[in-house]
Amino acid sequence: MGQGFEIEGRFCPWGMTLREVRERLPAGNMAPGDFCWRVEEARVFGLAARHLELMAPALDRPVLWLSCDLPPCPGGAEEAALIAHLDTTLGAGFGREDVPRGDYDGARRRLVWRAGDTHVGLT
């Protein structure tokens, strides 16, 4: 995780531009009016996502945001397994904390893993 992240078995190093992501993940499409590349039914961090979005300030600028829509997690053992998977995948450099849910509709819990300038959130 310190060097980048993997989507659909393809490594994406930190600092990669949105244009480079589009070349590496050609099965996606641009969101109208945004610098956002959307990929349907992809695997990221070893998890099956319904879709993911990678966003940057412009095509020739680094991706700053990756959002994944995971299938609903009913809680209990499934939620604990998902959290344990992220703890393992992100590694020891990332500290996990519970944070306020804010305006997230229907969220039971919100977690954030942080390491330096990088953070991964799960709602």
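## A network of charges

Glu40 is partly exposed, with a relative accessible area of 43%. The model is predicted, and every value here is computed from it. Arg38 is also partly exposed, at 25% relative accessibility. The side chains of Glu40 and Arg38 meet in a salt bridge, with N and O 2.8 Å apart.

Arg38 has a further partner. Glu53 forms a salt bridge with Arg38, and here the closest N and O atoms are 2.9 Å apart. This pair links distant parts of the chain. Glu53 belongs to strand 5 and Arg38 to strand 4, 15 residues apart. Together, Arg38, Glu40 and Glu53 are linked in a network of salt bridges. How many salt bridges does a search of the whole structure find? The count is five.

## A salt bridge between two strands

Another salt bridge joins the side chains of Arg114 and Glu97, at 3.1 Å from N to O. Arg114 lies in strand 8 and Glu97 in strand 7, so the pair ties together parts that are 17 residues apart in sequence. Arg114 is partly exposed, with a relative accessible area of 41%. Glu97 counts as partly exposed too, at 33%.

Now look at the strands themselves. Strand 7 and strand 8 run antiparallel, and four bridges join them. Strand 8 covers residues 111-115. In this pairing, Glu97 stands opposite Val112 of strand 8.

His119 lies in strand 9. Is His119 buried or partly exposed? His119 counts as partly exposed, at 44% relative accessibility. Beyond the residues up to four places away in sequence, His119 touches Val112, Trp113 and Arg114. The C-alpha atoms of His119 and Asp69 are separated by 17 Å, and these two residues are 50 places apart along the chain.

## The nonpolar core

In soluble globular proteins, nonpolar side chains tend to be buried together. Here, the largest nonpolar core has 28 residues. Which residues have the most contacts inside this core? They are Ile7, Leu54 and Trp113. Several elements give two or more residues to the core. They are strand 1 (4-7), helix 1, strand 4 (36-44), strand 5 (47-55), helix 2, strand 8 and strand 9.

Leaving aside neighbours within four places in sequence, the contacts of Trp113 include Ile83, Leu86, Asp87 and Leu90.

In strand 2, the bridge partner of Ile7 is Arg10. Strand 1 and strand 2 run antiparallel, joined by four bridges. They form a hairpin with two residues between the strands. In this hairpin, Glu8 takes a positive phi near 50°.

Next comes a loop. Thr17 sits in the loop between strand 2 (10-13) and helix 1 (18-24). Thr17 is buried, with a relative accessible area of 15%. Apart from neighbours within four places in sequence, Thr17 is in contact with Leu59, Asp60, Arg61, Pro62 and Val63.

## Cysteines without disulfides

A disulfide is a covalent bond between the sulfur atoms of two cysteines. How many disulfides are counted here? The count is zero. The cut-off for a pair of sulfur atoms is 2.5 Å.

Cys12 is buried, at 0% relative accessible area. Cys36 is buried as well, at 5%.

Notes
Residues numbered from 1 in each chain as written. Predicted model: local features only at pLDDT ≥ 70, side-chain atom pairs only at ≥ 80, totals over all residues. Heavy atoms only, no water. Pairing = 2+ DSSP bridges. Buried < 20%, exposed > 50% of the residue type's maximum accessible area, 1.4 Å probe, protein only. Contact = heavy atoms within 4.5 Å. Core = buried A, V, L, I, M, F, W, Y, C linked by side-chain atoms within 4.5 Å. Salt bridge = Lys/Arg side-chain N within 4 Å of Asp/Glu carboxyl O.
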